[in-house]
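Good morning, and thank you for coming.

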2 protein chains.
Amino acid sequence: MLTLYDFPLSGNCYKIRLFLALIEKDYQSIEIKLQEGETTQLSFLKLNPRGQVPVIDDEGEIIWDSMAILVYLARGYADRTWFPDDALDQARVMQWLAVSENEVLYGLARARGIRLFNRPFDPDECNAMGLAALKLLDDQLSQHEWLATDQPTIADIACYPYVALAPEGGIELTPYPAVLAWIKRIRALPGYVTMPGLD
Amino acid sequence: MLTLYDFPLSGNCYKIRLFLALIEKDYQSIEIKLQEGETTQLSFLKLNPRGQVPVIDDEGEIIWDSMAILVYLARGYADRTWFPDDALDQARVMQWLAVSENEVLYGLARARGIRLFNRPFDPDECNAMGLAALKLLDDQLSQHEWLATDQPTIADIACYPYVALAPEGGIELTPYPAVLAWIKRIRALPGYVTMPGLD
């Protein structure tokens with residue numbers, strides 16, 4: 001049985017819960033008490049030296065980092081369309097995984113972190129990077145239904161949570177109609193699950 | 001012929017130049033005048049909407065983002081060992097690509113950006129993330145010769161430049177002997193090329 005070390009309000013954990021639901025992979029969830037500092041304890045640092053959720057344990061193989069976990073699950077348990085074999089398709093997926101790890105994370109996710117969890121980030125920088133993320137995504141999604149290929153991939157799953165949660169960080173999505181339409185398409189995927197803050 | 005839109009002092013561009021040299025792939029380099037604002041011009045934004053180097057043009061296919069380019073080149077032109085097919089190996093590579101896009105980039109590369117290019121980042125945050133990067137890498141490399149598998153992968157290539165350039169950002173490598181030994185191993189790879197600031 002696959003185990004997910006999880007936190008309900010983490011967008012990075014939600015990426016994994018959402019993808020596991022979409023590919024219908026069973027798992028058990030262990031909730032980590034983030035606000036009580038559990039990720040800084042030695043027992044957790046043995047799982048993930050970065051002290052972050054999500055982490056998965058798949059029959060003894062420990063994998064940390066949401067991007068790495070998505071690639072692992074896509075290669076091991078999903079239809080190839082989620083992370084295709086072809087070099088160019090993989091590059092296209094990686095481009096938008098990079099956006100998820102940069103503009104989306106350091107902009108949108110951090111802006112939300114300031115408001116929800118009193119994180120000590122620079123609001124101006126988060127806002128500027130967040131708007132850059134949304135412009136990039138809106139431009140791409142006004143030409144394409146999905147970010148990387150003509151089907152949903154792990155790039156869509158990696159970008160979606162903190163984009164859809166942007167209003168919690170004070171960043172409105174109304175100026176980005178192509179992003180809003182893409183959010184609707186993701187919510188219509190068979191097996192879709194939600195998280196707190198999204199509805 | 002593969003074209004690399006390049007900038008000599010960019011560690012992200014150097015990742016691509018180094019990997020192309022290691023896999024003996026011919027290319028031509030076009031130097032972008034970063035300091036004159038060329039990446040913000042419309043003609044460049046058509047290549048990369050993020051306005052960043054590196055970008056490659058492979059017979060008309062345009063790929064931006066250093067991580068995406070490394071995956072593309074590894075899948076298309078390199079021995080499989082650089083980015084293996086196996087789900088678990090790919091996950092291990094992705095873990096350290098994630099570190100290269102987070103702690104290494106927002107810590108070590110930004111600390112260097114402050115000193116070399118007067119970039120407006122928070123020195124304390126860059127320093128803290130940079131030291132976190134080096135501790136993570138040193139712990140891993142004191143147990144393993146290479147970051148992700150038992151051979152060099154694109155994860156090593158992605159982490160190497162801004163780690164080796166850390167002293168330019170005022171972060172010394174002396175306290176990290178396993179990192180220093182890994183730098184020596186990378187420099188000994190057949191085909192290795194250097195960049196300004198490394199010697």
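I shall discuss the sheet, then the relation between the chains, then their contact.

This is a predicted model, in which local features need pLDDT of at least 70 and side-chain atom pairs count only at pLDDT 80 or more, while totals for chains, interfaces and linings use all residues. Residues are numbered from 1 along each chain as its sequence is written, and chains are lettered from A and ligands numbered from 1 in the order in which they are written.

In chain A, four strands make up an open, mixed sheet, ordered β2-β1-β3-β4. Strands here are DSSP runs of E with at least two residues, helices are runs of H or I with at least four, and both are numbered from the N terminus; two strands pair if DSSP finds at least two bridges between them. The edges are β2 (27-31) and β4 (61-64) of chain A, each with a single partner strand, so one side of each has no neighbour in the sheet. Strands β1 (residues 2-6) and β3 (residues 55-58) of chain A run antiparallel, joined by four bridges; Leu4(A) stands opposite Ile56(A) in β3(A).

Finally, 25 residues of chain A contact 25 residues of chain B, contact meaning C-beta atoms, placed from the backbone, within 7 Å. Helix α4(A) supplies the largest share of chain A's side, eight residues.

Technical notes: Contact = placed C-beta atoms within 7 Å.
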